[in-house]
Amino acid sequence: MRISTMLATGGLCLAACGPGEPPAQAPAPNSPPADPAPTAPESVDQVELHRLDCGTIEVSDLDIFAADGSFAGQSDTFTNSCWLVRHPDGDMIWDLGLPGILAGGGQQAQGVFTVSMDTTITEQLKARGIAIEEIELVSISHSHFDHVGQVDQVKGARWLVHEKEYDLMFPPARPETEGETGSQFAGFAGLEHETFTGEYDVFGDGSVVIFETPGHTPGHTALQVMLEDVGPVLLTGDLWHRSESREDNKVPRFNADVEGAEGEPGAVTRASMEAFEARAEELGALVVIQHEPADVDVLPEVLR
Ligand SMILES: [Zn+2]
């Protein structure tokens, strides 16, 4: 299977494909009782954006990330960020990272990618005093392998998804329980979901808005969060993967509007990039490229 196909179908298998839960951790005998986890307030009085670490992706050859060939032979290390948005009316997780089974297991390599992850989203929320079962909402920028990996941990959440991404994951002609695509996204099939096009105002007050940025995938989305102290923040999803991509609007070879697509290759992606930049300019927003360590690692764990 080609890398591009793997990315498009979310099928970078590594050790994580197929059914199975992360192994249960048995307590060591005679171990002292664990410290009680901190308890977060059940609701917050202003919007918060929490940065979660959903892994690291080393890329040995960046060629697929620029259709014009300008990245060929270069290597880079991507961070893989997920986000918790806390709002007085509820909590939402944005992007679901690499598969939880990778947590603490060292590096796994396939093709140009070497991935690793320290801890799961569940553990990171627990450390903040939040039980993942209490998360009401979840949304993903798109359905590639590094953004959907821990869906099995958010069983009770309602999934907000762009209509075209939903149709990509669960083609209308094929039942959810059949076929390669359906089985890879089986964890999503169990979630109550709501589809949208254009943009979705999550809490109805304009503070958290998911907006479509198609091209990387047909239903790719980005996230706008209005914070009281920091101001507007825009999370890019994979509209760009690195700072160098944004400087020159590089379109990856495996984008949906490049590979085997009709029309001018990359035109849909570039239109999304332009619209995103116009929004960022108008808002005076802080733009965070979700895979760019220089954007993500410098942020505090919680932005308000
Ligand atoms: Zn990604």
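**Entry 1: Trp159 and Tyr166**

I looked up Trp159 and Tyr166 and found that both are buried, where buried means under 20% relative accessible area, exposed over 50% and partly exposed in between, with a 1.4 Å probe and protein chains only. The model is a predicted one, in which local features need pLDDT of at least 70, side-chain atom pairs count only at pLDDT 80 or more, and totals for chains, interfaces and linings use all residues. Residues are numbered from 1 along each chain as its sequence is written, and side-chain values use heavy atoms, with hydrogens and water left out.

**Entry 2: aromatic rings**

I noted 13 aromatic pairs in the structure. Rings of Phe, Tyr and Trp (its six-membered ring) pair if their centres lie within 6.5 Å; planes under 30 degrees apart count as stacked, over 60 as edge-to-face and the rest as tilted. For Phe65 and Phe78, I found the ring centres 5.2 Å apart and the planes at 75°, so this pair is edge-to-face. Phe65 belongs to the loop between β1 and β2, while Phe78 belongs to strand β2, so the pair ties together parts that are 13 residues apart in sequence. Helices (H or I, at least four residues) and strands (E, at least two) are DSSP runs, numbered from the N terminus. Phe65 and Phe78 are both buried. Trp159 and Tyr166 also form an aromatic pair, a tilted one, with 5.7 Å from centre to centre and 50° between the planes.

**Entry 3: the zinc ion**

Which residues supply the protein donors of the zinc ion? I found Asp146 (OD), His147 (NE2), Asp238 (OD) and His291 (NE2), lying 2.1 Å from the ion. Donors are N, O and S atoms within 2.8 Å of the metal (3.2 Å for Na, K and Ca); water is not among the atoms, so sites may look incomplete. In sequence, the donor residues follow the spacing D-H-x90-D-x52-H. His147 in helix α3 (residues 145-148) and His291 in the loop between β13 (286-288) and α9 (293-296) link distant parts of the chain, 144 residues apart. I then checked the angles: the four donor atoms around the zinc ion subtend 86 to 161°, which makes the arrangement irregular. Four donors count as tetrahedral if all angles lie between 85 and 135 degrees; four count as square planar and six as octahedral if opposite donors are over 155 degrees apart and all others between 65 and 115; anything else is irregular. His147 is buried at a relative accessible area of 1%, and His291 is buried at 2%.

**Entry 4: the disulfide**

I found one disulfide in the structure, a term for a pair of cysteine sulfur atoms within 2.5 Å. Cys54 and Cys82 form it, with their sulfur atoms 2.0 Å apart. Cys54 is in strand β1 (residues 48-59) and Cys82 in strand β2 (residues 76-87), so the pair ties together parts that are 28 residues apart in sequence. The torsion about the S-S bond of Cys54 and Cys82 is about -130°, so the disulfide is left-handed. Both Cys54 and Cys82 are buried.

I located Leu191 in the loop between α6 (186-189) and β8 (192-196). Leu191 is buried, its relative accessible area being 5%. Its C-alpha is 6.6 Å from that of Lys155, although Leu191 and Lys155 are 36 residues apart in sequence. Not counting residues up to four places away in sequence, Leu191 touches Val138, Val151, Val154, Lys155, Ala157 and Trp159; contact means heavy atoms within 4.5 Å.

Thr269 is part of helix α8 (residues 267-283) and is buried, with a relative accessible area of 1%. With neighbours within four places in sequence left aside, its contacts are Pro214, Gly215, His216, Leu239, Val251, Asn255 and Asp257.

**Entry 5: positive phi values**

Asp95, a residue other than glycine, has a positive phi near 75°. I placed Asp95 in the loop between β3 (90-94) and β4 (108-110), and at 0% relative accessibility Asp95 counts as buried. Asn249 likewise has a positive phi, near 45°. Asn249 sits in the loop between α7 (243-247) and α8. Is Asn249 buried or partly exposed? At 25% relative accessibility, Asn249 counts as partly exposed.

**Entry 6: the whole protein**

I counted nine helices and 14 strands in the protein. Of its 304 residues, 49% are buried.
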